[in-house]
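Subject: Structure for you to look at

Hi,

Here is the structure I promised. Please open it alongside this note, then read on for what turned up.

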Amino acid sequence: METILRCLILSLMSAASCQLFFETIVPCRSWGKYHWLTYTAIPAFTAGSMFIALTPIPPYILQPVRLILVTAVIAQIYFQMPLTRNLILSVLYCVIYWSISTAVITAFYFFVDFRAVDEPLWQSVENLTETVILLLMMLFHYRYKNRLRSLNDYHGTRLRLLPLLYLIILVAFNMLSPEETAANKFATLATVSSFAALGIVLFYFTMRMLEKEAALHRLQLGAERARSQIDMFHTMQRHYDQQRHFLHDYKNQLNCIQGLIDCGQITEASAYIARMTGSMRTQFGDINTNHAVVNIILNQKYQTARSLGLAMTFVINDLSGLTMLEEDLVTLLTNLLDNAIEACEESAGKDPAVSTVIQFKMILEDSQLVLAVRNPVIQPVPIRGSTISTSKKDPAHHGIGLSNVDLVVRKYGGTSSLKCEDGWFSFSALFPL
C-alpha cells in the first residue's frame, strides 16, 4: 500500500510537470459546454505515469518510445495543436525529463558512496528528481506563459530534429555497458550529464530566440490592428464630413422641393425626393444593426464590394446589446471582410463563372454572438490551425489579419473554425458574451 501511495504521489508530480510544460507552449483545447473536462488533464497524465510505473519495464530502447507515446496521446486530447508539433514537444519533454534526471543522479554521486546505495536511497533520488523537475517546470511556466503561443508554424520547423537528436544521443550513452566498477559508471553518468547540461543551456537560448520571434510577431499584429483602426477612423471622418455637407445643403433642398410643390409639379418633386433618398442611401448605407461601429464597418465594406462588382448578403439582427470593445470589433470585422472581398475579387477575375457573392452572418441571441463569413474560391485554401498558408511572396507578413482575429476570439473566450469545402471558404465563430 505504501508503494502504491508513493507511486501515486510521484505520478501526480510528474503529471503536473507535463501539464505545465504543454500549457506554457500551446493553448488548451476548448470543450464548449463540457468545460469541466479541462480539469481532467492532470488526472489523465497521472494515470499515464502510473501505467508506466506499474507495468513491466520494456527493453531499454523502447522505454523512451513508451513515455513519448503516452505523453503524446494525452497531450493530443487536452491541447490544441497539430499531431506533428505534438510529437516534437513530447520528444522534447522526454529529453528534458531524462536530462534533469541524469543530472540529479550525477550530483547525487558526488555526496554518496556508490557502493552504499540501497533501495530507500534510490527512492530519495527519485523523489528529489521529480521535485527538481516540477520546480523547473513551474519556473519555465512563470517565465514563458503566454509568450510562445503566438508563434507561426514556420518558427518550429527549424528545430524539429533537435529534440530527436538529443534523445538518440542520450539513449546511446545510457545503453553503453562499461565494466561494473564505480569509476566507469560514474564516468558514464558524468558524460551523459555534461551533454544534458549542454542541452539545457541550448534549450534556454532556443526559448530566448523563440520569445524574441514571438515579440516581433506581436508587434506585427499590433501594427495591423493600428492600421485597421486608422482606416476605420478615416471612414468615420468621411461619414461625418458627408453628414455636414448634407445638413448644410438640407435647407436648400427643402426649399427646392417646396417650390416644385407650390408650382404644382408634384411628379418632378417626387422624382427629386427619390433621387435625394437614393443619394442618402449611397452615402449613409442601408444596413442598420443599432450599433454605430458595426453599421459603419458593414456599410463601408458593402460599398467597397459594390464598387468592385461584388454582391453581399447579410443575416443580422439587433446588435445594440453587443458588449465587445470597439477596437476589437474593428479588428474582427475589417479583417474578415477585407479578406473575403480580396479573395472573391481574385476568384472572379480568374474565372468569371465563379460566384461573386459574399455571405455574412452576425446574430446576437441568448447571450451569444454568432459570426460567420463565406466567400467563393477557385482552389482549395490550405488551412493550418487558426490561419491559412499563404501563397504570397512574403509569407512572414501575411496571414496577420487572421492571427489578429484569432486573438480577439480567444480574448472573449470564443471558439472559431476555418473550412474550405465545395468551392467556398468559410470562417465561423461563437462568442459567449
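Which residue takes a positive phi in the hairpin of S6 and S7? It is Asp-422, with phi near 55°. That hairpin has 2 residues between the strands. Bear in mind that this is a predicted model.

The strands themselves: S6 covers residues 415-421 and S7 covers residues 424-432. They run antiparallel, joined by 7 bridges.

Next, the helices. H1 spans residues 2-25 and H2 spans residues 41-54. Their axes come within 8 Å and cross at roughly 125°. Because of that angle, H1 is oblique to H2. The crossing is right-handed.

Who meets whom there? From H1, the contact includes Ile-4, Cys-7, Leu-8, Leu-12, Ala-15 and Cys-18. From H2, it includes Ile-42, Phe-45, Met-50, Ala-53 and Leu-54. Ser-11 and Gln-19 in H1 also take part, as do Thr-46 and Ser-49 in H2. By class, the residues of this contact divide into 12 nonpolar, 5 polar and no charged.

Last, the charged pairs. The structure holds 5 salt bridges. One of them joins the side chains of Arg-6 and Glu-126, at 2.6 Å from N to O. Arg-6 lies in H1, while Glu-126 lies in helix H5, residues 119-144. The two are 120 residues apart, so this pair links distant parts of the chain. In general, side chains of opposite charge can pair when their charged atoms come close.

Best wishes

Key:
Residues numbered from 1 in each chain as written. Predicted model: local features only at pLDDT ≥ 70, side-chain atom pairs only at ≥ 80, totals over all residues. Heavy atoms only, no water. Pairing = 2+ DSSP bridges. Helix = DSSP H or I, 4+ residues; strand = E, 2+ residues; numbered from the N terminus. Axes fitted to C-alpha atoms, helices over the stretch in contact; angles between N-to-C directions. Parallel < 35°, antiparallel > 145°, perpendicular 65-115°, else oblique. Left-handed = near helix turned anticlockwise from the far one by under 90°. Contact = heavy atoms within 4.5 Å. Nonpolar A, V, L, I, M, F, W, Y, C, P; charged D, E, K, R; others polar. Salt bridge = Lys/Arg side-chain N within 4 Å of Asp/Glu carboxyl O.
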